[in-house]
Amino acid sequence: MTDQEAAARAKASYARCSVAPEFFDAFYRRFFTLCPAARPMFAKTDFDRQHRLLRHAFGLLLNFPAQRDGEPTILSRVADRHSRRDLAIDPALYPLFIDSLIDTVKQYDHEFTPAVEGAWRTAVATGVEYMQSKY
Ligand code: HEM
């Protein structure tokens with residue numbers, strides 16, 4: 001599977017998942033189970049707003065190009081918000097965030113297969129590495 005095929009498969013899967021309004025709620029429930037340390041960081045969060053922002057940001061993640069040509073990128077603002085200058089999100093928490101996303105996709109995508117999981121993992125990898133590198 002090429003990077004482009006992976007991105008296309010993951011986007012199609014995301015389209016199937018994100019029609020369910022409760023997808024984002026389910027994602028956060030899973031994330032707080034796998035990563036209890038994250039829950040207090042969202043103590044004051046307005047989740048209606050957060051779900052909207054995350055819907056958009058997952059799209060950015062899946063559209064993050066494998067090859068980049070300098071800053072700014074489509075994830076610059078989101079990366080800056082998570083960096084030590086603002087939210088200070090430990091880069092070690094990202095794998096749990098992605099595992100929670102995959103578990104939730106597994107639950108909501110009725111066409112889920114191991115190949116779909118592989119496509120997601122490939123498609124988000126460069127964006128996640130970018131976010132971690134901007135810490
Ligand atoms: C690639 C992974 C991630 C993406 C795409 C992402 C995306 C976002 C977006 C779009 C926002 C809203 C930004 C804004 O308010 O303008 C946000 C906020 C936030 N994110 Fe992430 N995030 C990621 C990973 C993480 C991880 C691993 C944590 C760990 C706990 C985390 C914790 C937070 C917190 C605490 C907020 C602030 C919520 C608030 O405003 O109350 N994020 N994230």
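Which of the 20 residues around the ligand come nearest?

Analyst: A word on the model first. This is a predicted model, so local features are reported at pLDDT of at least 70 and side-chain atom pairs count only at pLDDT 80 or more, while totals for chains, interfaces and linings use all residues. Residues are numbered from 1 along each chain, as its sequence is written.

Now to the ligand. Ala38, Met41, Thr45, Ala57 and Phe97 come nearest among the 20 residues around the ligand. A residue is near a molecule or strand if its C-beta atom, placed from the backbone, lies within 6 Å of it. Two or more residues of this shell are given by each of the elements α3 (47-63), α4 (76-82), α5 (94-108) and α6 (114-133). These element names refer to DSSP runs numbered from the N terminus, with helices being H or I of at least four residues and strands being E of at least two. The largest share, 5 residues, comes from α3. By class, the shell holds 15 nonpolar, 3 polar and 2 charged residues. Here Ala, Val, Leu, Ile, Met, Phe, Trp, Tyr, Cys and Pro count as nonpolar, Asp, Glu, Lys and Arg as charged, and the others, Gly among them, as polar.

To see how these elements sit in the fold, start with the chain. The protein chain has 6 helices and 0 strands, in the pattern α-α-α-α-α-α along the sequence. Its C-alpha trace spans about 35 × 35 × 25 Å along the principal axes. The radius of gyration is 14 Å, which agrees with the value near 14 Å for a compact globule of 135 residues. That radius is taken over C-alpha atoms, and the globule rule is 2.2 Å times the number of residues to the power 0.38.

Next, the packing of the helices. Helix α3 packs with α1 (residues 3-18) at an angle of about 165 degrees, their axes 10 Å apart. Axes are lines fitted to C-alpha atoms, for helices over the stretch in contact, and angles run from 0 to 180 degrees between N-to-C directions. The two helices, α1 and α3, are therefore roughly antiparallel; angles under 35 degrees count as roughly parallel, over 145 as roughly antiparallel, 65 to 115 as roughly perpendicular and the rest as oblique. On the α1 side the contact is made by Ala7, Ala10, Lys11, Tyr14 and Ser18, and on the α3 side by Arg55, Phe58 and Leu62. Two residues are in contact if their C-beta atoms, placed from the backbone, lie within 7 Å. This contact of α1 with α3 has 5 nonpolar, 1 polar and 2 charged residues.

Helix α5 has two partners to look at. With α6, the axes come within 11 Å and cross at roughly 150 degrees, which makes α5 roughly antiparallel to α6. Tyr94, Ile98, Ile102 and Val105 of α5 make the contact with Glu117, Trp120, Val124, Val128, Met131 and Gln132 of α6. By class, the contact of α5 with α6 has 8 nonpolar, 1 polar and 1 charged residues.

With α2 (residues 23-34), α5 packs at an angle of about 135 degrees, with axes 8 Å apart; α2 and α5 are therefore oblique to each other. Phe97, named above as one of the residues that come nearest to the ligand, is also among the α5 residues that meet α2. On the α2 side, Phe23, Ala26, Phe27, Arg30, Phe31 and Leu34 take part. The contact of α2 with α5 has 9 nonpolar, 3 polar and 3 charged residues.

Two loops deserve a glance too. Most residues other than glycine have a negative phi, and most peptide bonds are trans. In the loop between α3 and α4 lies Pro72, joined to Glu71 by a cis peptide bond with omega about -10 degrees. Ala88, in the loop between α4 and α5, has a positive phi of about 55 degrees although it is not a glycine.
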